[in-house]
Amino acid sequence: MSELMKVTDLKKYFPMKNGVVKAVDKVSFSVEEGETLGIVGESGCGKTTCGRTCIGMYRKTEGSVMYRGREVEEYRKKDRMEFAGHVQCIFQDPYASLDPRMKAGELVAEGIRLHQIGKTPKECEEMAAELLEKVGLSARDRNRYPNEFSGGQRQRIGIARALSVNPEFVFCDEPISALDVSVQAQIMNLLLELQEEKHLTYMFVSHDISMVRHLSNRIAVFYMGKIVEIANTEELCGHPEHPYTKLLFSSVPVSDPVEERKRKKIKGYGDPLGDRISKEGCVFQDRCPYADADCAVFDGILTEIAPGHQTACPKAAGKER
């Protein structure tokens, strides 16, 4: 696989009256062609802001985002339409992301028309109907308005709309969090089927680590605007090293007693959260039961502790596997 996107020391700060909010604070990672990179973390940790900055929806504060060797900011200024043909987004809220005044067919055909994929209005309409069928709706649904669909059906329209321009990279911004549990599995399976069929690359953002675990080849764990751990899915789930990653796994309910016993073997499972030590150093030290004076001066740089497995915990980085 070749490298599709490379992010280096990315920062996105939002100015406030009393200072700045460091939504994304010097993060670095890459996305390989054909893979799914999962980004997981609690609400407000900066994962969505990171993804939106990577695809040019937000302007970066500092750092670099390269897409196929070219800076995304250059696309934003000169070739925005070309970039939109390569990169698309599936939004979190299927109720707010669709124009209620447009029919489903019009919503999907809009991208086909703007990017001149269809040569005539009739051809655009036919292609839109075909895409709606591809995502599990019917061609007749193209004449219905968004308010006539359920939440899961609306999200299918959003997926069809994202795929209408034949992208190669799709940023999935918590696309299932607003849906019923019974519908979430359907949308996840649809995303996997479309990825295999169309050779798509996903950046999948979610606060639900079990969903990310199911969909992703690699997982990056976000906390307070920083990546605290990143590894392939099997490695991260089998050997979580950062205390925050362990806390995430310990919070996922399971019904399998064997899995529960395995989880309790993870050091730190069930330990109480620590007291605040300092605002400097490791971003997790105010909640970490293992924090000490060394954590207050830690620079937060990711350190490789196994092939492809990086962590920002100084204690995990300093020990032998």
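The legends below describe close-up views of a predicted model.

Local features are taken from residues with pLDDT of at least 70 and side-chain atom pairs count only at pLDDT 80 or more, while totals for chains, interfaces and linings use all residues. Residues are numbered from 1 along each chain as its sequence is written, and side-chain values use heavy atoms, with hydrogens and water left out.

**Figure 1. Overall content of the protein.** The protein has 12 helices and 12 strands; helices (H or I, at least four residues) and strands (E, at least two) are DSSP runs, numbered from the N terminus. Of its 321 residues, 49% count as buried. Buried means under 20% relative accessible area, exposed means over 50%, and partly exposed lies in between (1.4 Å probe, protein chains only). Among contacts with a separation of 6 or more, 62% are between residues 24 or more positions apart, contact meaning heavy atoms within 4.5 Å.

**Figure 2. Crossing of helix 4 and helix 5.** The axes of helix 4 (residues 104-114) and helix 5 (residues 121-134) come within 8 Å and cross at roughly 115 degrees. Axes are lines fitted to C-alpha atoms, for helices over the stretch in contact, and angles run from 0 to 180 degrees between N-to-C directions. The crossing of helix 4 and helix 5 is right-handed. Helix 4 contributes Ala 104, Gly 105, Val 108, Ala 109, Ile 112 and Arg 113 to the contact, and helix 5 contributes Cys 124, Met 127, Ala 128, Leu 131 and Leu 132. Nine of these residues are nonpolar, one is polar and one is charged. Ala, Val, Leu, Ile, Met, Phe, Trp, Tyr, Cys and Pro count as nonpolar, Asp, Glu, Lys and Arg as charged, and the others, Gly among them, as polar.

**Figure 3. Helix 6 and its surroundings.** Helix 6 (residues 151-163) has 13 residues and reaches 19 Å from its first C-alpha to its last, close to the 18 Å expected at 1.5 Å a residue. The expected span is 1.5 Å times one less than the number of residues. Helix 6 is largely enclosed by the rest of the structure, because 11 of its 13 residues are buried. The buried residues include Arg 154, Gln 155 and Arg 156. Strand 6 (87-90), helix 4, helix 5 and helix 7 (181-198) pack against the buried residues of helix 6.

**Figure 4. Cysteines without a disulfide partner.** The structure holds zero disulfides, a disulfide being a pair of cysteine sulfur atoms within 2.5 Å. The closest cysteine sulfur to that of Cys 172 is in Cys 89, at 7.8 Å, too far for a bond. For Cys 288 the closest is in Cys 295, at 6.2 Å, also too far for a bond. Cys 172 is buried at 0% relative accessibility, and Cys 288 is buried at 10%.

**Figure 5. Pro 243 in helix 10.** Pro 243 is found in helix 10 (residues 243-250) and counts as buried at 11% relative accessibility. Leaving aside neighbours within four places in sequence, Pro 243 is in contact with Phe 284, Cys 288, Tyr 290 and Cys 313. The C-alpha atoms of Pro 243 and Cys 313 are separated by 7.7 Å, although the two residues are 70 residues apart along the chain.

**Figure 6. Two residues with positive phi.** Most residues other than glycine have a negative phi. Asp 9, in strand 1 (residues 3-16), has a positive phi of about 50 degrees and is partly exposed, with a relative accessible area of 35%. His 199, in the loop between helix 7 and strand 8 (201-206), has a positive phi of about 55 degrees and is exposed, with a relative accessible area of 62%.

How values were computed:
Left-handed = near helix turned anticlockwise from the far one by under 90°.
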